[in-house]
Amino acid sequence: MPAHLQPLHLLLIGPGRIGADLARRLRADGHDVRILTRADYGDFAAPTFNPRHALRAIPPHTPAPDAILHLAGLFQIGPDANPDHLRHANADGPIALAETLHERFPHAHHILFLDARVNRPPQTDPPPLRPYLAAKRALAAWALRAARDWGRATGARVNAIAPGPVLPPPDPAHSEKAGECLTPRPTLADIHACVTLLLAVPSLTGQTLYPAAGQHLL
Ligand SMILES: NC(=O)c1ccc[n+]([C@@H]2O[C@H](COP(=O)([O-])OP(=O)(O)OC[C@H]3O[C@@H](n4cnc5c(N)ncnc54)[C@H](OP(=O)(O)O)[C@@H]3O)[C@@H](O)[C@H]2O)c1
C-alpha cells in the first residue's frame, strides 16, 4: 500500500473473477473489504430486484465504507445475448444499487466498472456487441452525472475503470478474440493499481481509467 494511503473500509459488489482477486489484493494491502454477492443484492434482471435488499447485508453499526467498488456486470454476445438482461445487469441494476448505497452512505466514493470500448464511437460497434456496450455507455453517462451531482451535494467522488481484455468471458458461448493491443494485455495487477490510484488521489472524480492496452483508442 502506498505510504500515504491509510487502511480504508471498502465495500465490493460482485466478487466474480476480477472482484475476488481485487478483494484479496486490497486485503493484503491492509484494507477492510466487505463483499456483497448476488445473494445479498439479488438478480439485477429479476422483476423482484430491490436494491434496498442489499442494505440488509450491512449491519447497522458497520463503519461507513470509504469506497464502494461496483464489479457486478454481464458480458454476452451472439444470438442468445439478451438486450434487456444486459441493460439490467450492466446499467439499471448497478445504478439503482449505487443510488441506494449513496442514500445510506452519502460520502462514500463509488468506482464503477465499464469496458474500454465505451470510448469508441457507438456507430462503429460490431452488431453483436451493441446491447452490451449500450448498457455500459449508459452506466458511464450516469457516472459523470453522479460525480457532478453527488460532488456538489456531499463531496462524494464517482470514478470508473474501463478495462480491456483482462480475462476471457466466463461463458465460452460468449467468447471473443482479445483484439489488437498496443501494449501487453492488461492484468489483474493493473486493475488493482488503478483502484489504488483512484483511492489514493482525493481530487480525482468524474474520471475513467483505461487499463486496456490502448483498445479504447482503436
Ligand atoms: N474480464 C474482463 O476482461 C473485463 C473486461 C472489460 C470489462 N470488465 C468488467 O469488469 C467487471 C468484472 O468482470 P469479471 O470478468 O470479474 O466478471 P465476472 O467474473 O463475470 O463476474 C461478474 C459478477 O457480476 C455478477 N452478476 C452477473 N450478472 C448479474 C445479475 N444479473 N445480477 C446480479 N449480479 C450479476 C456475478 O454474480 P454471480 O457470481 O452470482 O454470477 C459476478 O459477481 C464487470 O463489470 C465487467 O463487465 C471485465
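Two residues are in contact here if their C-beta atoms, placed from the backbone, lie within 7 Å. Keep that in mind as you look around: of the contacts in the protein chain between residues at least 6 apart in sequence, 72% join residues at least 24 apart.

Two notes before you click. You have a predicted model open, in which local features need pLDDT of at least 70 and side-chain atom pairs count only at pLDDT 80 or more, while totals for chains, interfaces and linings use all residues. Residues are numbered from 1 along each chain as its sequence is written.

**Stop 1: the whole chain.** You will pass five helices and six strands, in the order β-α-β-α-β-α-β-α-β-α-β. Helices (H or I, at least four residues) and strands (E, at least two) are DSSP runs, numbered from the N terminus. The C-alpha atoms fill a box of roughly 45 × 40 × 30 Å along the principal axes.

**Stop 2: the core.** Now select Leu12, Ile13, Leu69, Ile111, Ile161, Ala162 and Val195, which touch the most other members of the 55-residue largest nonpolar core. Helix H4 (residues 130-154) supplies the largest share of this core, eight residues. Such a core is a set of buried Ala, Val, Leu, Ile, Met, Phe, Trp, Tyr and Cys residues joined through C-beta atoms within 7 Å.

Zoom in on isoleucine 161. Leaving aside neighbours within four places in sequence, its contacts are Ile111, Phe113, Ile191, Cys194, Val195, Leu209 and Pro211.

**Stop 3: two helices.** Select H1 (residues 17-28) and H5 (residues 188-200), whose axes are 10 Å apart at an angle of about 60 degrees. Axes are lines fitted to C-alpha atoms over the stretch in contact, with angles from 0 to 180 degrees between N-to-C directions. Show side chains at the meeting place: Ile18, Asp21, Leu22 and Arg25 of H1 face Leu188, Ile191, His192 and Val195 of H5.

**Stop 4: a loop residue.** Finish at arginine 120, in the loop between strand S4 (109-113) and H4. Is arginine 120 buried or partly exposed? Arginine 120 counts as partly exposed because it has 17 C-beta neighbours inside 10 Å.

Technical notes. Buried ≥ 20, exposed ≤ 12 C-beta atoms within 10 Å, placed from the backbone.
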